[in-house]
Amino acid sequence: ISAFAEKIKTDDNSKILFALGNIAPTVIQDKLAEYATCTRVNVYETRDNKLIDQKLIEKIENNEYEMILFSSPSGVQNFVNMTNKDLHKKIRIACIGETTAKAAIENNIVPKVVATTSSTFGLFESIVNFYTK
């Protein structure tokens, strides 16, 4: 936020469009609103997954996977809603950042990997580092 704010502070006409999902937090938008006109547009709606691929759940239960990747707290919550709590104690997961990791921990799932940089590349890099250690 601070790096971006420095760039837009000097322009009295800065306008920022946030294209987000309906449950995305407003932290960045709120902070940047001090320096620019911010407009939010919800471009997608997060919903619970109603379909469960039982074969996929069986693979997880039988430890036939390497790691499950989560890129959002809502992804964690949907997984929790679709699976049983015994499974949560033994799964291996990687999270794209601290917010997603916090959602996992709140649901008694301990991440093996949390990306140091909250991006797809950061997640990939953190997973590679995990397996090379």
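Predicted model: local features only at pLDDT ≥ 70, side-chain atom pairs only at ≥ 80, totals over all residues.
1. Two or more lining residues come from each of β1 (15–21), α2 (27–32), α4 (73–82) and α6 (98–106). By class, the lining of the largest pocket holds 10 nonpolar residues, 11 polar residues and one charged residue.

2. The second largest pocket has a volume of about 200 Å³. Among the residues that line this pocket are Asn49, Leu51, Asp53, Tyr65 and Phe79. The elements that contribute two or more residues to the lining are α3 (54–61) and α4. Helix α3 supplies the largest share, with four residues. The lining of the second largest pocket comprises seven nonpolar, two polar and three charged residues.

3. The structure contains five salt bridges in total. In one of them, Lys9 pairs with Glu6, and the closest N and O atoms are 3.1 Å apart. Both residues lie in helix α1 (residues 2–9), where a spacing of three residues corresponds to about one turn of the helix. Lys9 is partly exposed, with a relative accessible area of 40%, whereas Glu6 counts as exposed at 51%.

4. Another salt bridge links the side chains of Lys102 and Glu106, at 3.8 Å from N to O. These two residues are separated by about one helical turn because they are four residues apart in helix α6. Lys102 is exposed, with a relative accessible area of 53%, and Glu106 is exposed as well, with 56%.

5. Asn107 deserves a separate remark. This residue is located in the loop between α6 and β5 (113–114). Leaving aside residues up to four places away in sequence, Asn107 touches Val76, Gln77, Val80 and His88. With Gln77 there is also a polar contact between the two side chains, at 3.5 Å.

Note on methods: Residues numbered from 1 in each chain as written. Heavy atoms only, no water. Nonpolar A, V, L, I, M, F, W, Y, C, P; charged D, E, K, R; others polar. 1 Å grid on protein atoms, 1.4 Å probe; cavity = no way out; pocket = protein on both sides within 12 Å on 5 of 7 lines; lining within 4 Å. Points joined across faces, edges and corners; volume = space filled by probe spheres on them. Polar contact = N/O pair within 3.5 Å; in protein donor to acceptor, adjacent residues only side chain to side chain. Contact = heavy atoms within 4.5 Å. Salt bridge = Lys/Arg side-chain N within 4 Å of Asp/Glu carboxyl O. Buried < 20%, exposed > 50% of the residue type's maximum accessible area, 1.4 Å probe, protein only.
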